[in-house]
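User: I would like to go through this complex with you, one topic at a time. Please start once the structure is on screen.

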Amino acid sequence: MTGTNPARRFLPFAMTLGTRELAARKAALRRMAAVQLPGVARAPEYDPLPVMLPGGLAARLGRALCRRAALLGGAIDDLYSVRSLVAAGTVSAATLSAADGWLRQMVGDAGLVAPRLALYAADLAIDAVGGAVVLRDHVDIVPGLGHAIALRRFTGAAMPELVRSVTLVGRGPVIERWREDLAHWAGGGLVALLEGEAESAADDGADAALLARAIGAPRLRPADLDCFGEAPEFRTLTGSRPVRLLIRRMAASAIDPLEQGGNPAAGIAGVLGALRRQQLAMLNAPGSGVINEPAIAASIEVAIGAAHEAAFGEPMMLCAGAGADLPIVPLAPESDSAAMGEAACVLRLFALHCGSTGWVALPGGLGLAQGPDGMTHMKDVWVVDRGEDAEMPRLPVRGAVSLARAATSVLPSRAADDLFWLGRAVERLEAAGRLCALAQSGLAESSALPHEQFQRELLLRCLARQQLISPDLAGRNVTARQLREAIRGEAVFAPLIEAVRRLLAATSDRFSPTMLATIEGALERVLAARAAGLVKLVPAIFGFAATCAGVIGEDAARDGALLFATLGQRLERLFGLAGSFAILLEEEGGRLAAGASLAIELIDAGMTCEQRYGGIPEPDTALRLLLADPAYPRSLLFQAIALAEGFERLDAAAEAAEARAIGVALKAAAGSASPRTALAAVEARAADLSSALTGRLFAPPASCQHRDGAAPA
Amino acid sequence: MIYDLTHRTLYKYSEPSLFARHLLHLLPRTRSGQHVREACLRILPVPDFRFEEIDYFGNALTTIVLVAPHDMLEITLRAVIEVEAPAARNATAAGGRACGATAAEIAEFSVTTALTRADAAIAAFAHDAAAGRGDAFGVGLAMMQAIHERFTYRPGVTSVATTAAAALARREGVCQDYAHVMLAALRVLGLPCRYVSGWLRSGEATRGAEQSHAWVSLWTGPGRGWVDFDPTNNIVVGCEHATLAWGRDFDDVSPVRGVIRGGGQHIPTVEVAMQPRTSS
């Protein structure tokens, strides 16, 4: 495109702002996106300068796009039902059978609830006179729709002068109508986005998040869903909810481990059967991508070209092609000292199947400009309404079917599970730090005094129990130096830190960007301190744990998230301390006093003892503090009470009763001369509570897959 | 020949299975030369959900879902199946679809699969066995004989996941391995062929009776149509075999496949009896 390039239509106007201000607007646009996309790993690269499409051209492109979508959808339907394209030799049967995307399980004449192709996008190269070539069809997973919908709002807010300068064709009617049709296909049931379990580099979490928000649908992963009966159900903490429509954002190749094999946790067993039996709609249907296979795509292109001519009496406007010159569009500067940039731009236009209305083009779309930095900068595409040539979609409004908005307020079982384990992992990391710090300080000045030697033995066993040293060391008389070698930060803490990092990533969407950055910053400091030894590492761990607790308390309190993280923390503390105390408090008499003293140090209760008792108390008093003080936050009873209260909030009556029973046992143990057996029992009961919680609320993913019925012989 | 067939599959779980969803290929299909007079699947515990479908290859497919904890699963097929000798089969099918095959079918059964992917050894074996053997039927016979001669029948050394290449390298296995090797070799030569699961008449001096059995069906052209070869027993299939299902390989027709939650360890046991009801 040259001087008449509509992509440059806004450039003179924008330039009046100056490059410095444009750079500031770009930064503002990114900030807006970041605020809207908490927890998204890769922030989208948005550019504030939109691409303009004249209304007439946009209308022609939209019409052609819808025709192409209808023809491609017809071809997909044909391949999966009557297969006339194969019978006529248009598509080679051998090519189809050998195609990776050919999903035999989806073949059937009965049809599906929704069209196999109901979402479509085409990447176009548009020349200066409005000619267009299709560079790529998106008929499987359709990327970018979320960005396209949200960018209008972001760009409008970042560039209000531009918005005021033109009249834009709005997208609202199309989006609303589409939402109504989603609800219609869902029969009033839940509509959700389905994403894969393992996020790959190709996944665009931001796009999914924005699309989910635009249509009011939750983002689900296979682990959130079970096919107990005919259709998938979404597991929530308040029970299962049937899902009737899934917008597919995961590959079709492993979507149903029952029929396709593979990892049972990576898909939803029974989902293909639910589609065949019309108990579920999926956009797009698994297998729709088969026509993108290169050998098939060429045949289909010929077939739809002929069908277009037959149906409309004219050649198809949008044909597949390659090597077209892409228009060059301006890019706002990256910083106030940088100059304007330029990049070749592909236009991605979207078409949505709106039930009986058929295909409707989304006004505008997404400009994808490949910047000199190698990044793809996304631009809004504006369709300017000049009154005479922009064809506003005129869409009839359906009846009273309303989209069942899922409850973004409903905490999915998977998220609760992750938060619970995040609470446990952070507590475990902190507990490991405390134990290592104690061991380090206590053994650095090891003496031959019998009670110190005894305390060293106890500590070694505690460290071994928490897998912080080799179990072999627990029974040996190691020197202080050997022990320091064994508990050096990097090796000991690596798995614990990795667990925290993984769970933090899994729960990142529960935090605002600022708070997430705060936690991640604290974790980075832990990582940086690993090489510096325990002297720096342990304070960094304590700082991280404190940051986590504060942020979760303040920021992740929505939808019960705080409750689950707290349950995890309390349960881990009960389990961990009961196990350590069972070792430290196993002896009687003077040795019990030595162990109790160590236990007080372990939970950092020295100051409390000083204030309450004027120093380390007698063993019986120490036991009451350690085990049965309902008000001391590191006592075991405090954990049991907190667990009971948490379980009661979840209506988990049996677990709450068990937590209270543990509390009773702890009070009894505090009054006994030898609490070791009782503490070991509490440790085991805490582990059982964790299992019970997992089984009751989190519903673990399928454990195994088999294919046999006994091998034939 | 009319057979009374009983096929019982029993799973015993070391821990309760909390939830299970299974796909069953256990109802026999009707085919040219085979008429299923009766077929009934009895499943214990009674499934909470049960769906019947016909799969892509035309086989009966049963889906069962059990949502209550259970420590065993018993699936029993009782069927009465009438099987004709191949000569009668061809006569009744003359001009019909049974003796023909669509382009789609031929293409479908020509493609390689994960279990039947050929390596250099299979390719060499295929070309060696087929050399100078004339038409597809002749190649099928030669291939069947070559496999039968080179292989040792040995249960327990392979599994349902053993590939044709691995089986040929071992030169031992069970009927599934014999069939996979033959499929891989025939497909190297461009011959469409399908994996057939089924049963063999009880009490015969053959291998694979009283259990699930498997063999190969080869498209020999419009004249003879599909001809079944049993490389485990080195026989062209007559009226001693009854067909359960067919696909490209075992994975397409696994008798029972499922996803379960819990269950611990489980080993299925299978009992099959295929007794002739009357002489025919």
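**Working through the complex**

Analyst: This is a predicted model. In it, A:Ala339 counts as exposed, because it has 11 C-beta neighbours inside 10 Å and the cut-off for an exposed residue is 12 or fewer.

User: Where is A:Ala339 found in chain A?

Analyst: A:Ala339 lies in the loop between strand 11 (328–331) and strand 12 (341–353) of chain A.

User: And which residues is A:Ala339 in contact with, leaving aside neighbours within four places in sequence?

Analyst: A:Thr19 and A:Pro333 are its contacts on that basis.

User: How far is A:Ala339 from A:Ser84, in sequence and in space?

Analyst: The two residues are 255 apart in sequence, and their C-alpha atoms are 56 Å apart in space.

User: Staying with chain A, is helix 3 of chain A enclosed or open?

Analyst: Helix 3 of chain A is largely enclosed by the rest of the structure, because 19 of its 26 residues are buried.

User: What span should helix 3 of chain A have, and how far apart are its ends?

Analyst: At 1.5 Å a residue, helix 3 (residues 55–80) of chain A should span 38 Å, and its end C-alpha atoms are 37 Å apart, so the two values agree.

User: Changing topic: how confident is the predictor in chain B?

Analyst: The mean pLDDT of chain B is 90, with 94% of its residues at 70 or more. Confidence is highest in helix 6 (residues 175–188) of chain B, at a mean of 97, and lowest in helix 1 (residues 86–93) of chain B, at 54.

User: Where does pLDDT stay under 50 in chain B?

Analyst: That applies over residues 91–99 of chain B, for which the model has eleven contacts beyond four places in sequence. For the complex, the predictor gives an ipTM of 0.91 and a pTM of 0.77.

User: What does the secondary structure of chain B come to?

Analyst: Chain B has seven helices and 14 strands. Its radius of gyration is 19 Å, close to the 19 Å from the globule rule for 280 residues, so chain B is as compact as a globular protein of that length. Of those 280 residues, 49% count as buried.

User: How is chain B divided into domains?

Analyst: Domain 1 of chain B covers 2–81 + 254–276, and domain 2 covers 98–253. Their centres, taken over C-alpha atoms, are separated by 24 Å.

User: How many residues of each domain of chain B are in contact with the other?

Analyst: There are 19 residues of domain 1 of chain B in contact with 19 residues of domain 2 of chain B. On the domain 1 side, strand 14 of chain B gives the largest share, six residues. That side divides into eleven nonpolar, six polar and two charged residues.

User: Finally, how many residues does each chain give to the contact between chain B and chain A?

Analyst: Chain B gives 41 residues and chain A gives 34. Elements with two or more residues on the chain B side include helix 2 (103–108), helix 6, strand 13 (256–262) and strand 14 (266–278) of chain B.

User: Which element of chain B supplies the largest share of that side?

Analyst: Strand 13 of chain B does, with seven residues. The side of chain B that touches chain A divides into 21 nonpolar, 15 polar and five charged residues.

Conventions. Residues are numbered from 1 along each chain as its sequence is written. Chains are lettered from A and ligands numbered from 1 in the order in which they are written. This is a predicted model: local features need pLDDT of at least 70, side-chain atom pairs count only at pLDDT 80 or more; totals for chains, interfaces and linings use all residues. pLDDT is the predictor's confidence in each residue, from 0 to 100. Helices (H or I, at least four residues) and strands (E, at least two) are DSSP runs, numbered from the N terminus. Two residues are in contact if their C-beta atoms, placed from the backbone, lie within 7 Å. The radius of gyration is taken over C-alpha atoms; the globule rule is 2.2 Å times the number of residues to the power 0.38. A residue is buried if 20 or more other C-beta atoms lie within 10 Å of its own, exposed if 12 or fewer, and partly exposed in between; C-beta atoms are placed from the backbone. Ala, Val, Leu, Ile, Met, Phe, Trp, Tyr, Cys and Pro count as nonpolar, Asp, Glu, Lys and Arg as charged, and the others, Gly among them, as polar. The expected span of a helix is 1.5 Å times one less than its number of residues. Domain bounds come from an automatic or database domain assignment.
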